[in-house]
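Colleague: Hi! I'm new to this one, could you walk me through it?
Modeller: Happy to, let's have a look together.

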Amino acid sequence: MLKKLLHSRETTAIGFILLMFLGVGAINPAFLTADNIWLCLNSSVVYTVAAVGIALVIMTGEIDVSVGATLGMTAAMCGTMIRDGEPWAWAIGAAMAAGLLIGMINGFGVTVLRIPSIIMTLGMNGIVRGLIYVYTDGRWVENISFDFKILAQGRLWGAFTYFYLGALALIAAVHLLLTKTRKGRYLGAVGDNAGGAMLLGIPVNGAKWVSFALCGLLTAVGGVLYVSRVGFVTPIAGSGYEMKVIAACVLGGISLTGGVGSVIGAAVGAAIMASISRVLVFIGLSSTYDDTITGIFLIVIVVSDALIRRRAVERARRERLTAKTQHAAEAKG
Amino acid sequence: MDTAVCQTPDALLAVRGIIKAFGTNMVLKAIDMDIRAGEVVALIGGNGAGKSTLMKIIMGIYQPDDGEIYIQGRLAKLNKPSAALAEGIYLVPQEPMLFPNMTVEQNVLMGFDEKQSELRKRLQGLLSYLGWKLALDRKAATLSIAEQQLVEILRGLMREARLLILDEPTSSLTFHEAEALFQIVADLKAKGIGIVYITHRLTEVFQIADQVLIMRDGVITLSGPVSNFTREMLVAGLLPQGNVAHRLAADSPESQRTLEEPALVLEALTGYGFSSVSLKVYPGEILGLAGVVGAGRTELATTILGRDMVKSGRVLLGGKDITGFRTGQVLKEGLNYVTEDRFVSGIFRISDVAANTTAANLGRMSRFFLNVKEERKITKRFIEAFHTKVTGQDQPIGSLSGGNQQKVVISRALSTSPKVLILDEPTRGIDAAARGDLYAIIEELKRQGLAILLISSDIEEIMELSDRAVTMYCGRINQEFSKGEISQDRLMAASFGVAEGSAEHA
């Protein structure tokens, strides 16, 4: 059991975040204070929720790059309605419905129209980003009620915000869903070997569609949290989030080819992503390198993952071919 | 179609009059087949005989155009894989379709409705009933092919499958693993499971099967209890009707090969997929390399071409040792290869005919900018010599017919002026008329002194073109034939591992 835990990809990600904190702490001890650690984790809540959503899509072997625009759109809707004095439940409900709808259209394009997911969601990203400008008239959504903004500040024992605790509960729930329920397991199975899943009677397209829909829904939850945390919404809110959350998933051990990893890993990755800009400040670099470093992480991890996989596939092919020639030799001998 | 209900109600699975066409290509022409409980039915057939199409229909992946399938005498509607699974049919594919990142247990239990704890209990019970030792917590990616097959069989048995289809299960197994599998098949048979056993190895048929079925060109040419047949009778069932051997011998005289130096020599060449291959190809000669798909012929060709590692042995080209050369160097030394898979790696689909003809030869045609005039000249020469039907040199190659595409691909190989040419399945998927053209081209190249190694699964093609032939079986050359010795039944027998004079195992 312990051995299994040591070898899991989530453990590697947790090891990475511990090393990062200890390493930066060695350079600048101020980084290792309890306050800072809580801040890093609490500030990752929007990434965390969206990363869990996109993790579901990546596990099925697809990708969703419309997360950034979806987050911006749902945040703009929620923010505008709360500013205009609509009931909170309406505002939150409308944002979530919009997120779900975007996710379902993505799923429709990928499974029914058979558009490659990168193209489908890239197009959707453009469409939704444009709609944000239409919806907000290109203006910032400001003057959001203080009561809504203060929600993000509430903390349990001065440590985790209630938002982050809620996100942790969400991760636990999704993790159980994925590992302990029959339908939940379909997601990973589809990403692991779609052909094999089909032969077992698993609805491959259905599973993909559900993953896109859930990704849209969870991204909308991220949008709502964003409004409360940030307190205003610009027309470019959420742009660049897609790279952050994809990098979070990859850092957390989820394979872009599907079938490998867990939402726990995605959450750890999201915490790393949220910490990077603070890390840069604490080691005396400008936080403008944030995106550059995220991009480097993404490429380095994906490339090394691909190289390891290619070697494994090549080795398996050679073993198979060798077995074939041995068959004749042993049969004769 | 007569109204007769299934005449054999005791059959686990009865297939009646199944017809399937893809476009104009009739793949299955009224197939009948019965499989009874506790019986192993061996299904044999060359490539393209329709075996896998038939199995996909039984698995509900394809829908037949006509015909019925009865399960225990009852008409069954198998319109999707889950319907076939529900009827107790399970296919163990040639390459196991496991989830590599899941454990054995997760792999077996995937797709069930029941509670995990109950399933686990059932799986434990099944394993002890079978007496298998298989670590359930291992990742599927770490299993050998033999173990992966066991997992696939477990999946089937957990679904209470009464009919298992094993598609060439021994093709990637070592001898001992195969022996172990036969034991398992015998056990399953004793437990009342019906088994369809698809294979290319005739010896296995006599080892484990009760019934045998041979398919060729979408029809069943031979069927009945194994004990009624000899190997030679099975080989005869695999052969096309109407022997064309005598016609060919007359119009292609034995080549004038004398004591000249061979152009290509392989000395005990061993690599991934083939072992101790020794052969010589002389200038002005076509050496046919026959065998079934998966025998290791393409691996041999691509290894000679430097795409994979040579484990031991030597490759000599015109007396020069080119073992382990990279692909570019091998081409430069004068050996070229026309791939078996024209559609995947043979053509630059949207480029024009001229660009495709000269693509292998750009180094010779240019310093920095391409010499377009030279490209036109070379292309024109080949189009005229081969009577390639094109509207112009700028026609995209993807819009040509298969035969004309292949002519362009051969032109490209020739534009590098090779001394040795390896042709891998040169006429696969090409219609009869274009095939004649290609044969004429290949004959002409031979007359011009090229040494040609012709890889083909089409025995008639080997007979038509070859001056000598060898057969490959399980990665080894198992028999050699001089021009006079080449005959359909000998080649077919050797391709299926029934070699004359060699130590047979059975």
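Predicted model: local features only at pLDDT ≥ 70, side-chain atom pairs only at ≥ 80, totals over all residues.

Colleague: OK, chain A as a whole. How many helices and strands are there?
Modeller: Chain A has 15 helices and zero strands. Its radius of gyration is 22 Å, close to the 20 Å that the globule rule gives for 333 residues, so chain A is as compact as a globular protein of that length.

Colleague: What box do its C-alpha atoms fill?
Modeller: Taken along the principal axes, the box for chain A is roughly 85 × 50 × 35 Å.

Colleague: What share of chain A counts as buried?
Modeller: In chain A, 47% of the 333 residues count as buried. As for contacts in chain A with a separation of 6 or more, 78% are between residues 24 or more positions apart.

Colleague: Let's switch to chain B. What is the strand order in the open sheet of four strands?
Modeller: The order is E12-E11-E14-E15 in chain B, and the pairing is antiparallel. Strand E12 (274-281) and strand E15 (320-321) of chain B are at the edges with a single partner strand each, so one side of each has no neighbour in the sheet.

Colleague: How many bridges pair E11 with E12 there?
Modeller: Five bridges, in the antiparallel sense, between strand E11 (residues 264-271) of chain B and E12(B). Within that pair, Leu264(B) is opposite Val281(B).

Colleague: Which strands does helix H10 of chain B lie across?
Modeller: Helix H10 (residues 297-304) of chain B lies across E11, E12 and strand E14 (310-317) of chain B, and runs at about 70° to E12(B).

Colleague: Now the open sheet of six strands, what's the order?
Modeller: In chain B the order is E16-E17-E18-E13-E19-E20, with mixed pairing. Strand E16 (335-338) and strand E20 (476-481) of chain B are the edge strands, each with a single partner strand, so one side of each is left without a neighbour in the sheet. On average, neighbouring strands of this sheet are turned by 20° against each other, direction ignored.

Colleague: Is strand E18 enclosed or open to the outside?
Modeller: Five of the five residues of strand E18 (residues 451-455) of chain B are buried, so E18(B) is largely enclosed by the rest of the structure.

Colleague: Which residues sit on each face of it?
Modeller: Ala451(B), Leu453(B) and Ile455(B) are on one side, with Ile452(B) and Leu454(B) on the other. In a regular strand, side chains alternate between the two faces of the sheet.

Colleague: And which strands are joined to E18 by bridges?
Modeller: Strand E13 (residues 285-290) of chain B runs parallel to E18(B) and is joined to it by five bridges. Strand E17 (residues 420-424) of chain B is also parallel to E18(B), with five bridges. Ile452(B) stands opposite Ile286(B), and Ile452(B) is also the bridge partner of Leu421(B).

Definitions and conventions. Residues numbered from 1 in each chain as written. Chains lettered and ligands numbered in written order. Helix = DSSP H or I, 4+ residues; strand = E, 2+ residues; numbered from the N terminus. Rg over C-alpha atoms; globule rule 2.2 N^0.38 Å. Buried ≥ 20, exposed ≤ 12 C-beta atoms within 10 Å, placed from the backbone. Contact = placed C-beta atoms within 7 Å. Pairing = 2+ DSSP bridges. Axes fitted to C-alpha atoms, helices over the stretch in contact; angles between N-to-C directions.
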